[in-house]
Amino acid sequence: EGDVVLVFVFLASFSLLVSRLFYRSYLSPIGVFGLIWNGLLALTEMRLINYYPLSLEAYGAFIGSYALFLVGALLTTWPAVKRLHERPHVAYRRPLEKLIQPRKTRQLLDAMNLLGLMGLMVRIWQVGQLVGWSAVTNMSAVRSATGSLAAIEKIGGGFTGYLSSLLPLVAIIGGTYWVYFPRDWKRVILCFVIPFGFAWLTGNRTVFIWTSVLFFFSYTLTRALGNRESAFRLLRPILLGVILLFIVFGVIGARRFDPGNYNAYHANLKLPWALTHIYSYVTSGFAAFSVHLADPVRLPIPGALTLSPAVRMLARLDPALLGGYTYETLVTYTVRRASVTTPAATNVFTFLGQLFDDFGWGGVFLIPFFMGTVSGWIFQRLLLRPSFGAIAWYTFFCLQFVYASTSVITHANSILVSMMALALVQRLISMGDKNVSRMLPAAGSSELSEQPLCNL
């Protein structure tokens with residue numbers, strides 16, 4: 001086990017080294033995904049929880065998908081690598097004063113935050129009607145009452161379910177906005193308060209985790225690649241953000257589970273319960289994927305898990321389009337997946353589990369390759385020509401890198417809706433080419449300077 005840990009530690013370190021040498025930044029797809037994916041695999045192999053041994057097929061999938069991701073990212077970023085090494089210190093125009101238009105961004109944030117607040121109020125009303133107002137603060141009662149298919153459809157379905165679907169996009173816009181307007185904390189804090197309200201009410205922490213990660217990366221990318229700030233200046237907010245996220249995650253977990261029950265985790269080392277809980281959350285998917293490969297339960301519908309909102313919509317229109325599978329069957333399959341024992345029970349199988357169930361072994365290897373090529377192409381644009389649009393799209397990829405040990409993020413309606421909304425609004429709030437040209441100094445100006453393209 002110790003040798004396997006060293007292998008994944010080496011791969012994580014290798015990813016950071018390649019990222020720094022090739023792109024002069026740790027924030028490349030290779031750096032972010034390589035560090036998180038291999039780092040979590042190293043944690044898994046430390047066996048703080050007594051997981052079953054991983055199969056050779058699982059090791060092949062984990063390492064092979066990473067290797068193909070790396071190749072894909074290198075293919076599309078190679079022009080940027082050549083430019084950086086041919087001109088190691090290029091004279092470039094000073095970073096833009098802002099990548100977003102302040103007035104329009106404020107208006108959009110206010111509108112989307114209002115929709116999110118309305119969605120939270122509606123959700124509280126629905127839960128109160130379902131469990132009784134005296135039990136609204138009782139998370140066990142709420143989760144028990146909202147676990148049925150009928151309750152899921154009543155609470156999350158229909159138009160009211162879309163009121164909170166823009167929260168991921170709000171977090172991205174809020175992260176970039178806060179870089180330029182750090183004193184406007186009342187508007188920005190809603191990016192966290194609303195998702196936290198949903199998590200506190202239902203115990204489902206996914207949306208809160210996603211919005212926090214999206215805000216964190218949008219903020220960091222804007223400062224590092226938009227403002228060209230150094231890694232040292234960003235270290236403190238990065239550490240503070242990670243610590244706060246873990247604290248909130250543990251607090252909500254303590255309301256949802258019994259914090260004294262270590263037996264459920266089969267832990268080899270009795271750490272504080274919150275640490276054991278976090279360790280299980282980020283590592284159990286690897287062990288579950290290995291178990292899942294031995295006896296997979298799959299529906300013969302490509303995209304049933306990775307694009308489940310779109311597939312369920314087709315089932316509503318006509319089950320015959322999906323081989324006769326009904327909407328109810330698909331909701332049960334995608335939302336309430338059967339658990340496996342690792343020996344602890346879990347129903348998450350990393351993002352590779354969903355790719356395997358939807359597309360077989362071809363999906364396990366080819367989709368990470370394409371994920372590397374597309375994220376690399378966006379990062380190249382972000383590295384050489386920062387814009388809010390590039391930051392926003394790359395931030396979605398960073399969320400997938402972080403969440404890879406759990407699932408594919410496009411299984412969520414809120415992610416797909418936010419992506420579609422981003423395609424519509426990015427030009428509205430971004431600084432257009434005309435505004436950019438007015439803000440940039442003229443060629444030959446003393447404001448041009450010899451600096452590396454990126455400092456983080």
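This is a predicted model: local features need pLDDT of at least 70, side-chain atom pairs count only at pLDDT 80 or more; totals for chains, interfaces and linings use all residues.
Me: Let's start with serine 290. Which helix is the place of serine 290 in?
Reply: Serine 290 touches Pro53, Leu54, Ser55 and Ala58, leaving out residues up to four places away in sequence. As for its own place, serine 290 sits within residues 273-294, and that helix is α11.

Me: Does serine 290 count as buried or exposed?
Reply: The cut-off for buried is under 20% relative accessible area. Serine 290 comes in at 9% relative accessibility, so the word for it is buried.

Me: How many Å separate the C-alpha atoms of serine 290 and phenylalanine 349?
Reply: Along the chain, these two are 59 residues apart.

Me: On to helix packing. Are α11 and α14 roughly parallel or roughly antiparallel to each other?
Reply: Two packed helices are described by the angle between their axes and the distance between the axes. Here the axes of α11 and α14 (residues 350-384) come within 8 Å and cross at roughly 25°. Angles under 35 degrees count as roughly parallel. The pair α11 and α14 is therefore roughly parallel.

Me: Which residues of α14 make the contact with α11?
Reply: From the α11 side come Gly285, Phe286, Phe289, His292 and Leu293. Sorted by type, the residues of this α11 and α14 contact are 6 nonpolar, 4 polar and 1 charged. On the α14 side, the residues are Thr350, Leu352, Gly353, Phe356, Asp357 and Trp361.

Me: Where does arginine 47, another residue with a positive phi, lie?
Reply: Arginine 47 isn't a glycine either, and its phi is about 60°. With a relative accessible area of 9%, arginine 47 is buried. Its place is the loop between α2 (29-45) and α3 (56-86).

Me: Which residue meets arginine 47 in a salt bridge?
Reply: Side chains of opposite charge can pair when their charged atoms come close. For arginine 47, the N to O distance in the bridge is 3.4 Å. Both residues of the pair are buried, and the one that meets arginine 47 is glutamate 45.

Me: How many salt bridges does the structure hold?
Reply: Besides the pair of glutamate 45 and arginine 47, aspartate 110 bridges to arginine 187, with the closest N and O atoms 2.7 Å apart. That pair links distant parts of the chain, with aspartate 110 in helix α4 (residues 102-131) and arginine 187 in helix α8 (residues 185-202), 77 residues apart. Aspartate 184 also bridges to arginine 187, at 2.4 Å between the closest N and O atoms. The structure's number of salt bridges is 3.

Me: Which residues have the most contacts inside the largest nonpolar core?
Reply: In soluble globular proteins, nonpolar side chains tend to be buried together. The largest core here has 101 residues, and the ones with the most contacts inside it are Trp37 and Tyr394. Apart from it lies another core of 11 residues, including Leu299 and Tyr327. Back in the largest core, then, the names are Trp37 and Tyr394.

Me: What is the relative accessible area of threonine 395?
Reply: Threonine 395 is in helix α15 (residues 388-403). Setting aside neighbours within four places in sequence, threonine 395 contacts Ile172, Leu214, Phe217, Ser218 and Leu221. Threonine 395 is buried, and its relative accessible area is 0%.

Me: Last one: which residue does the cis peptide bond join to threonine 342?
Reply: The omega of this cis bond is about 15°.

Notes. Residues are numbered from 1 along each chain as its sequence is written. Side-chain values use heavy atoms; hydrogens and water are left out. Helices (H or I, at least four residues) and strands (E, at least two) are DSSP runs, numbered from the N terminus. Buried means under 20% relative accessible area, exposed over 50%, partly exposed in between (1.4 Å probe, protein chains only). Contact means heavy atoms within 4.5 Å. Axes are lines fitted to C-alpha atoms, for helices over the stretch in contact, and angles run from 0 to 180 degrees between N-to-C directions. Angles under 35 degrees count as roughly parallel, over 145 as roughly antiparallel, 65 to 115 as roughly perpendicular and the rest as oblique. Ala, Val, Leu, Ile, Met, Phe, Trp, Tyr, Cys and Pro count as nonpolar, Asp, Glu, Lys and Arg as charged, and the others, Gly among them, as polar. A nonpolar core is a set of buried Ala, Val, Leu, Ile, Met, Phe, Trp, Tyr and Cys residues joined through side-chain atoms within 4.5 Å. A salt bridge is a side-chain nitrogen of Lys or Arg within 4 Å of a carboxyl oxygen of Asp or Glu.
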